Amino acid sequence: MSIQFDRLFQHSPNAYMVLDRQMRFVEVNTAYELLTGLPRAQLLGRALFDVFPGATNDDGTPQSDVLRQSLERTFATGERNVLALIPYAIESDTPDGRVVDIRYWSATHTPLRNDDGEVVAVMQHTTDVTEVHQLREEVRRAREATGLTAEQVSGGVLSRAAAVQRDNERLSARQAFLTDLFEQAPGFMAVLRGPDNVFELANEAYERLIGRDDFIGVPLREVLPELTDQGFFELLDQVRETGNPFVGRGMPVTLRPDDAHDRTIFVDFIYQPIRDSQGRIEGIFVQGADVTGREAALSALRESEARFRTIANLVPQMVWSARANGEVDYCNQRWYDFTGLPEGSTRGHEWDAALHPDDRDRAWTRWRRSLATGEPYDIEYRLRFHTGDYRWVLGRALPMRDATGLVVRWMGTCTDIQDQKRVQEMLERSQEALRNTDRQKDHFLAMLAHELRNPLAPIATAAQLLKMAPDSVHNVLQASEIIDRQAIHMGNLVEDLMDVSRVTRGLTALKRRRVRLSAIVEAAIEQTMPLMRKRGHRFSIADGTDGVELWADPSRLTQIVSNLLNNAAKYTPPQGAVALEIEPEGPHVLLRVRDNGIGIEPELLARVFELFAQAETTPDRHEGGLGVGLALARSLTRLHGGTLVAHSAGPGEGSTFELRLPREIPAHQDEDPLQ
């Protein structure tokens with residue numbers, strides 16, 4: 001049976017009203033309305049002493065002082081306060097005008113506490129004892145005026161005594177009702193009296209809880225000896241000594257019912273001290289409920305949460321969850337290990353503090369769209385690593401929905417994809433390099449076809465001359481020279497291709513010996529000078545090495561220097577300048593080839609030594625070539641243990657190539673390693 005306590009309060013024959021700390025009416029019942037003559041609507045929210053200011057006593061003090069002090073004492077001490085008799089004027093409007101009626105009241109003020117045990121309101125139980133007080137006064141005055149005995153006077157007041165008797169009967173009925181209510185309450189209740197905590201009252205719920213009955217008048221220690229060492233006896237002593245109630249929530253208690261094994265349950269309960277009229281604690285009221293089911297559910301929930309947290313911390317991803325409104329309320333330990341942020345610092349909407357500033361707006365826009373539509377969240381952005389660097393992560397989240405389909409939570413992960421991004425970028429660069437290589441290869445094949453076709457035309461012409469005049473010595477000589485010259489040119493092209501093939505496959509072996517650098521330079525200049533003279537170049541040389549010898553392959557070293565000089569001549573317009581500078585540089589010797597030619601564009605400068613890399617052909621540069629000279633020169637330089645680098649300020653600014661070669665013979669080299 002469900003008891004509606006609000007209805008009990010409203011229909012109780014006793015007058016009750018509840019005041020807050022500002023002495024304002026919070027609630028009144030019907031009996032209080034009838035007692036005061038004022039409807040509930042005119043009382044709620046108004047101050048007590050504004051509605052009932054009271055009169056003035058004969059000594060000039062306000063009647064309200066005693067009532068106010070009692071209420072304030074209850075609020076301050078948290079203890080019940082009783083006013084046995086207090087005169088208080090009640091003003092009411094009647095057809096004959098406003099009437100002030102002096103009434104006598106008996107009031108009990110009981111503190112009402114919140115869940116934290118703080119007194120937030122006071123309930124007043126009010127009884128109008130005006131008739132009893134007047135009866136007592138009439139008896140006193142009759143005895144004083146007539147000298148009659150109490151028995152003689154009592155005959156004249158039998159009618160009033162009968163009325164008091166009827167009131168007592170109503171009080172007895174009310175007490176019986178409350179006793180039934182106590183017995184039938186769903187929560188367990190008991191009253192313990194004296195220092196030995198003797199049972200004075202206990203309801204059926206308490207008997208079911210402990211599995212025993214017929215223990216009224218027996219001390220608690222005898223009824224429940226198993227409570228020893230569980231702390232409950234000590235708590236009762238504490239409440240009795242301090243006068244402060246004790247509230248326990250979800251506390252375990254082990255009971256031993258008759259003829260049964262021990263069982264542990266969990267209870268919510270309160271130990272409330274009971275005071276007598278002098279304020280002394282005479283007993284303790286025990287009230288509570290068995291919450292074993294609730295605690296079992298909470299324990300299962302905690303265990304489930306612990307499993308989730310353990311699993312979330314084991315997975316390699318950063319795991320997080322958010323409320324339906326997008327506020328993050330959980331991040332696993334891997335998130336904090338990754339970001340280096342203090343635990344809890346990214347709750348709510350603060351998680352974006354770790355995002356890269358350039359990715360923040362994009363991530364928020366996508367997150368708000370998911371919150372608005374319920375779509376899965378899927379995005380890549382950069383997240384600050386604990387080292388301060390930013391790493392790419394893949395952020396994903398899925399909505400969790402209730403039975404109606406409403407989103408109640410989001411579960412998400414962040415996966416570090418920095419390595420995948422790096423591999424992807426490398427693949428993209430490789431693909432771009434392959435595309436560039438393909439373009440260079442196509443360009444090279446076109447150039448090779450052009451370079452091979454050029455000598456074929458003169459050879460074909462020479463062949464025609466031989467056909468037209470086979471007996472002409474002059475024609476034969478002229479044709480032979482043409483064929484010989486073009487054959488040499490084609491042979492050089494093929495030799496360049498074979499050199500590149502051998503070097504790239506690691507088949508080139510140097511034939512080292514001691515050589516004078518000056519001899520190498522002279523041979524290279526001799527090979528290049530015809531082209532420079534043809535184009536009218538101004539050539540200069542500055543050698544500051546004074547007879548330096550190197551451990552090198554003379555033919556290959558000559559090939560390196562001549563390729564550099566030939567490259568300068570090709571890309572320097574007619575009448576331009578080409579300079580060769582040679583100087584010692586610590587353990588190396590430096591050869592620097594300068595020109596004031598067409599220069600090198602920045603994008604070409606980065607790959608000028610790559611195979612088939614070649615600047616665009618210009619009207620001033622038409623000598624041809626396969627674009628393999630610089631690649632071959634650098635490869636041969638590395639075989640000699642040297643370096644070759646290029647510099648240019650840009651198009652039209654000329655270029656400089658610096659060749660560094662070791663001066664000393666390497667310690668691990670023999671005098672003639674190829675012999």
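Colleague: In this predicted model, is T74 buried or exposed?
Modeller: T74 lies in helix α4, residues 64–77. Around it, leaving aside residues up to four places away in sequence, T74 touches E79, N81, H109, T110, P111, V119 and V122. The cut-off for burial is under 20% relative accessible area. T74 has 0% relative accessibility and so counts as buried.

Colleague: How does Q230 count by relative accessibility?
Modeller: Q230 lies in the loop between α9 and α10. The class in between runs from the 20% limit for buried to the 50% limit for exposed. At 26% relative accessibility, Q230 therefore counts as partly exposed.

Colleague: How are the buried residues of α10 placed around the axis?
Modeller: Helix α10 spans residues 232–242, and its buried residues are F232, F233, L235, L236, V239 and R240. They cover an arc of only 160° around the axis, which means that they lie on the same side of α10.

Colleague: What do the buried residues of α10 pack against?
Modeller: The residues concerned are F232, F233, L235, L236, V239 and R240. Just after the helix, G243 has a positive phi of about 75°. The packing partners of the buried residues are β6 (188–193), α9 (220–223), β8 (246–255), β9 (263–275) and β10 (281–290).

Colleague: Which element gives the largest share of the largest nonpolar core?
Modeller: The largest nonpolar core has 38 residues, and L550, L591 and L659 have the most contacts inside it. At least two residues of this core come from each of α16 (517–534), β18 (549–552), α17, β19 (577–585), β20 (588–595), α19, β21 (643–647) and β22 (655–662). The largest share, 8 residues, is supplied by α16.

Colleague: How many residues are in the second, separate core?
Modeller: Among the members of this second core are A205, F232, V267 and I284. F232 is also one of the buried residues of α10. The second core is separate and has 28 residues.

Colleague: Which residues does L591 touch, beyond those up to four places away in sequence?
Modeller: L591 is one of the residues with the most contacts inside the largest nonpolar core. Not counting residues up to four places away in sequence, L591 touches L517, V521, V561, E581, I582, F657, E658 and L659.

Colleague: At what angle do the axes of α17 and α19 cross, and what is the handedness?
Modeller: Helix α17 covers residues 554–570 and helix α19 covers residues 629–639. Their axes come within 9 Å and cross at roughly 145°. The crossing of α17 and α19 is left-handed.

Colleague: By class, which residues make the contact of α17 with α19?
Modeller: From α17 the contact uses R556, Q559, I560, N563, L564 and N567, and from α19 it uses G629, L630, L632, A633, L636 and T637. By class, the contact has 6 nonpolar, 5 polar and 1 charged residues.

Colleague: Which residues of α19 are buried, and what is the phi of G641?
Modeller: The buried residues in α19 are L630, A631, L632, A633, L636 and T637. G641 follows α19, and its phi is positive, near 80°.

Key: Residues numbered from 1 in each chain as written. Predicted model: local features only at pLDDT ≥ 70, side-chain atom pairs only at ≥ 80, totals over all residues. Heavy atoms only, no water. Axes fitted to C-alpha atoms, helices over the stretch in contact; angles between N-to-C directions. Helix = DSSP H or I, 4+ residues; strand = E, 2+ residues; numbered from the N terminus. Left-handed = near helix turned anticlockwise from the far one by under 90°. Contact = heavy atoms within 4.5 Å. Nonpolar A, V, L, I, M, F, W, Y, C, P; charged D, E, K, R; others polar. Buried < 20%, exposed > 50% of the residue type's maximum accessible area, 1.4 Å probe, protein only. Arc of directions from axis to C-beta. Core = buried A, V, L, I, M, F, W, Y, C linked by side-chain atoms within 4.5 Å.
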